[in-house]
Amino acid sequence: MTSSQPLSGRTAIVTGASSGIGRAIAETLGRAGAHVFLAGRTVAAMESSCKQIEEAGGRAEAITADVRDPAQVRSLVDRAVLKTGRLDIMVNNAGVSFPAPILEGDPEEWRTMLETNILALLVGCQAGALAMRKCGAEGHIVNISSIAAQRPDSGVYGSTKHAVNAISATLRRELEEDSIRVVNVMPGAIATNFARNFDSTFIAGFVKMAGLDIEVKQGERLPDQVFASLSEKLKQMLGDPEDVAKVVLYAVTQPIHVNLADIVVRPPKQLNL
Ligand SMILES: NC(=O)c1ccc[n+]([C@@H]2O[C@H](COP(=O)([O-])OP(=O)(O)OC[C@H]3O[C@@H](n4cnc5c(N)ncnc54)[C@H](OP(=O)(O)O)[C@@H]3O)[C@@H](O)[C@H]2O)c1
């Protein structure tokens, strides 16, 4: 193990690795020497990350999976273990937000948030922890929550992140006697495709603030250069996904008797998510 490759010989899974925070975490863990399994529904974006990790001397594989289906999450863990014989880091990152008020909300959008943000994370925690136990890993489960979990009135999305905090705390307790730590990360506003389901005028406002002239369509991803420009020009209120990835790398490279339990990582100005 060298200081530039602290995760050499370790296996990591990152869900929601095709965009934003998950992609940055996957690339950072890969550069640090982990064999990374990237999971998401958009394979092209993950293949480009795999290429980048491999060019830096690492190992990475893209797996198309819809994490709302528990069987697909379990099979993701099985594939990583089958291929590498182990699992050391499970990052439950995939998440979505539909910000409508409760009185105007669509139950199908609520279902998508509940299944992606809570159910998939729970199955990832369970399958990940059992696999780590089986191979005797000094493992880390990393759950991506949100600063929305710090406010009582953060909507249906915020409720899912309150649940993530409760799940992380409960699992941490359940794993006290194991060599598996649970890290709960609460990002503030970060420049990603997170707001893709928000009203397009909201996103268009940010794109304009960043001095860019790009058409915004609700539900669609924006090109990468928009985020690079946004996080550079609006540094005070929009963090870079790399900021979160560095924190995750720090947490998973601590000795196993150190548990960085809850981490808030945010830009200086707070936007309520
Ligand atoms: N950006 C922020 O301001 C912010 C702040 C606090 C917390 N967070 C949290 O950070 C996490 C990552 O979000 P982000 O900001 O990076 O947003 P993003 O750019 O929209 O990325 C979300 C990721 O989740 C994946 N995903 C969504 N539904 C999925 C499904 N059913 N199956 C598999 N993958 C799925 C997406 O991949 P595909 O679409 O390819 O499937 C994508 O890779 C989320 O949990 C979010 O709640 C974000």
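Author: An axis is a line fitted to C-alpha atoms, for a helix over the stretch in contact, and angles run from 0 to 180 degrees between N-to-C directions. Helices (H or I, at least four residues) and strands (E, at least two) are DSSP runs numbered from the N terminus. The model is predicted, with local features needing pLDDT of at least 70, side-chain atom pairs pLDDT 80 or more, and totals for chains, interfaces and linings using all residues. Residues are numbered from 1 along each chain as its sequence is written, and side-chain values use heavy atoms, without hydrogens and water.

Reader: How are α4 and α5 oriented to each other?
Author: Helix α4 (residues 107-134) and helix α5 (residues 155-174) have axes 9 Å apart, at an angle of about 10 degrees. Angles under 35 degrees count as roughly parallel, over 145 as roughly antiparallel, 65 to 115 as roughly perpendicular and the rest as oblique. The two helices, α4 and α5, are therefore roughly parallel.

Reader: How many nonpolar residues does the contact of α4 with α5 have?
Author: In contact (heavy atoms within 4.5 Å), residues including Trp110, Met113 and Leu114 of α4 meet residues including Val156, Tyr157 and Thr160 of α5. Ala, Val, Leu, Ile, Met, Phe, Trp, Tyr, Cys and Pro count as nonpolar, Asp, Glu, Lys and Arg as charged, and the others, Gly among them, as polar. The contact has one charged and two polar residues, and its nonpolar count is 13.

Reader: How is α1 oriented to α2?
Author: Helix α1 (residues 20-31) packs with helix α2 (residues 43-55) at about 20 degrees, the axes being 9 Å apart. That angle makes α1, relative to α2, roughly parallel.

Reader: Which residues of α2 do Arg23, Ala26, Glu27, Gly30 and Arg31 of α1 meet?
Author: The α1 side of the contact includes Glu27 and Gly30. The α2 side consists of Ser49, Gln52 and Ile53.

Reader: How is α1 oriented to α8?
Author: The axes of α1 and helix α8 (residues 241-252) lie 8 Å apart, at an angle of about 45 degrees. That makes α1, relative to α8, oblique.

Reader: How many nonpolar residues does the contact of α1 with α8 have?
Author: Residues of α1 including Ile21 and Leu29 contact residues of α8 including Val244 and Leu249. By class, two are polar, two are charged, and the nonpolar residues number ten.

Reader: How far from an oxygen atom of the ligand is a polar side-chain atom of Tyr157?
Author: A polar contact is a pair of N or O atoms within 3.5 Å; within protein, one must be able to donate a hydrogen and the other to accept it, and residues adjacent in sequence count only if both atoms are side-chain atoms. A backbone N or O atom of Gly16 is 3.0 Å from a ligand oxygen. For the polar side-chain atom of Tyr157, the distance to a ligand oxygen is 2.6 Å.
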